[in-house]
Amino acid sequence: MAFSQPDSPVAFGGSLNLQDALTVALDAAKAGCAVLARGRSRLARVRTTTKSPGDITTELDAHSEAAIFARIRQAYPDHARLGEESGDSTGDSGASPYRWIVDPLDGTVNYVHGIPYYAVSVALEVDGAAVLGVVADPVRREFFTAVRGQGAFCNGRPLDVARRGRLDEAVVGTVVPPPKWPGMEGYLAQFCAVARSAAGMRRGGAAALDLAYVAAGRLDGFFVVSLKRWDLSAGALLVQEAGGAVADIDGNPDPLHANRLAAANGVLLPALLERLRSR
């Protein structure tokens, strides 16, 4: 069974200097983190909007995204952008093969409730494939970074996925969908199938950070069925560049085809997918 693995940075980066782009991505993520850090002191006064039960946004999501894209546009005005708050937009010169994917606050519910597990996620995709990613944890001041073909790091330290090959020894992270999500029953069947086999289950509430934890070997595996590309693009690249693999749960060759994603090391992932597909 083939899983998605990193490809050549030359093929995907084209003429773009990916190290320069990574510096911009880090600067942009830090700008978003600064907005969130300032907002923590006035959480009681932050305006919150409910998109659907269990799915909320705040004014700080939008402010963080604006700060992130301001830095990116300063460096790359012609690149396209996709943000959770602002949606899809072309670059200043029209269509571009380069597109920045941003989640300005992954884990909004945690943030609003004062739970210190949330992140800023920034990815750059070329023709739909991620070539660099940053997942920034403003609470722990951990900055997870990856450039395709060049490895994954946390604050400059190389990352490696955990090497456990048995599901009954593995701790698996997941994202529980909002209560009214139409696929909830199917998800719960998958959750139970994995929970009956794994050593433990964890629900952190921020998928980008969960994937960074897989890359760092803190979680052995992860799966999600209910999120969007901005939640997953940077984190999926982190896992790949840390020696792991990602796959579409339903078997599509593109692991982000429907954002129904599983991640682990290459030995453990088949067992995780077997349980997810057994419902």
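## Strand 15 and its partners

Strand 14 (residues 245–248) pairs with strand 15 in the antiparallel sense, over four bridges. Here Ala 245 stands opposite Ala 264 of strand 15. This is a predicted model.

Strand 13 (residues 221–224) also runs antiparallel to strand 15, and four bridges join the two. Gly 221 stands opposite Ala 264 in strand 15. Ala 264 therefore faces Gly 221 as well as Ala 245 across bridges, and DSSP needs at least two bridges to pair two strands.

Strand 15 spans residues 261–264 and is covered on both faces. Leu 261 and Ala 263 are buried on one side. Ala 262 and Ala 264 are buried on the other.

Strand 5 covers residues 98–106. Eight of its nine residues are buried, so the rest of the structure largely encloses this strand.

Strand 5 has a parallel pairing with strand 3 (residues 80–83), over four bridges. Within that pairing, Leu 82 has Ile 101 of strand 5 as its bridge partner. With strand 6 (residues 119–126), strand 5 pairs in the antiparallel sense over seven bridges. There, Trp 100 has Leu 124 of strand 6 as its bridge partner.

## Helix 7

Helix 7 runs over residues 229–241 and has 13 residues. From first C-alpha to last, helix 7 reaches 18 Å, close to the 18 Å expected at 1.5 Å a residue. Gly 243 follows the helix, with a positive phi near 95 degrees.

## Leu 238

Leu 238 lies in helix 7. Its relative accessible area is 0%, so Leu 238 counts as buried. Beyond its neighbours within four places in sequence, Leu 238 is in contact with Val 135, Phe 144, Thr 145, Ala 146, Ala 152, Ala 212 and Ala 215.

Leu 238 and Ala 208 are 30 residues apart in sequence. Their C-alpha atoms lie 9.6 Å apart in space.

## Confidence

The protein chain has a mean pLDDT of 90. Of its residues, 89% reach 70 or more.

Over residues 5–11, pLDDT stays under 50. The model has 16 contacts beyond four places in sequence for these residues. Where pLDDT is low, the predicted coordinates should not be read in detail.

Key:
Residues are numbered from 1 along each chain as its sequence is written. This is a predicted model: local features need pLDDT of at least 70, side-chain atom pairs count only at pLDDT 80 or more; totals for chains, interfaces and linings use all residues. Side-chain values use heavy atoms; hydrogens and water are left out. pLDDT is the predictor's confidence in each residue, from 0 to 100. Contact means heavy atoms within 4.5 Å. Buried means under 20% relative accessible area, exposed over 50%, partly exposed in between (1.4 Å probe, protein chains only). The expected span of a helix is 1.5 Å times one less than its number of residues.
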